[in-house]
Amino acid sequence: MTERVEAEKLSNHTATKVWSVHEFCRRHRLCDEEERRLTLLFGAFATSRELLHNAKRAPKWR
C-alpha cells in the first residue's frame, strides 16, 4: 500500500550527532593507529553511528 506524504508536513528536526574523529577516539580511549584509520576513512568528522560501527578496539583482558 502506498501513501502520499506532503513535504510541508515532514519534520526537518532530525538530530544526528556529528563527532570530531579526534574527540571520539579520545573519549573511547582508542589508540593513535585506530584514530589514523578512522580519519582516513571518514575525514575529520563523522556521525556517531559511523564511528561506533567502524571502530575496532582490542579487548581488555584482566
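The protein exposes about 6,000 Å², of which carbon and sulfur atoms supply 52%; accessible areas come from the Shrake-Rupley method with a 1.4 Å probe, and for residues only the protein chains shown count as cover. This is a predicted model, in which local features need pLDDT of at least 70 and side-chain atom pairs count only at pLDDT 80 or more, while totals for chains, interfaces and linings use all residues. Residues are numbered from 1 along each chain as its sequence is written, and side-chain values use heavy atoms, with hydrogens and water left out.

The protein has 3 helices and 2 strands, and along the sequence they follow the pattern β-α-α-β-α. Helices (H or I, at least four residues) and strands (E, at least two) are DSSP runs, numbered from the N terminus. The C-alpha trace spans about 55 × 25 × 20 Å along its principal axes. The radius of gyration of the protein is 17 Å, whereas a compact globule of 62 residues would have one near 11 Å. That radius is taken over C-alpha atoms, and the globule rule is 2.2 Å times the number of residues to the power 0.38.

Of the 62 residues, 16% count as buried. Buried means under 20% relative accessible area, exposed over 50%, and partly exposed in between (1.4 Å probe, protein chains only). Contact means heavy atoms within 4.5 Å. Among contacts between residues at least 6 apart in sequence, 52% join residues at least 24 apart.

Helix H2 covers residues 32–42. Its buried residues are Glu-34, Glu-35 and Leu-38. They cover an arc of only 100° around the axis, so they lie on the same side of H2; the arc is that of the directions from the helix axis to the C-beta atoms. On the other side of H2, Asp-32, Glu-33, Arg-36 and Leu-40 are exposed. The buried residues of H2 pack against helix H1 (21–27) and H3. After H2 comes Gly-43, with a positive phi near 95°.

Glu-34 counts as buried because its relative accessibility is 8%. Apart from neighbours within four places in sequence, Glu-34 is in contact with Asn-54, Ala-55 and Lys-56. Lys-56 lies in the segment after helix H3 (48–54). At 57% relative accessibility, Lys-56 counts as exposed. With neighbours within four places again left aside, Lys-56 is in contact with Leu-30, Glu-34 and Arg-37. The C-alpha atoms of Lys-56 and Leu-38 are separated by 9.6 Å, and these residues are 18 apart along the chain.

The aromatic rings come next. A pair of aromatic rings is described by the distance of the centres and the angle of the planes. Rings of Phe, Tyr and Trp (its six-membered ring) pair if their centres lie within 6.5 Å; planes under 30 degrees apart count as stacked, over 60 as edge-to-face and the rest as tilted. A search of the whole structure finds 1 aromatic pair. Trp-19 and Phe-24 form this edge-to-face pair, at 5.9 Å centre to centre and with 80° between the planes. Trp-19 is buried, since its relative accessible area is 14%, and Phe-24 counts as buried at 2% relative accessibility. Lys-17 lies over the face of Trp-19, at 5.0 Å from the ring centre. A charge sits over a ring if NZ of Lys or CZ of Arg is within 6 Å of the ring centre and within 35 degrees of the ring normal.
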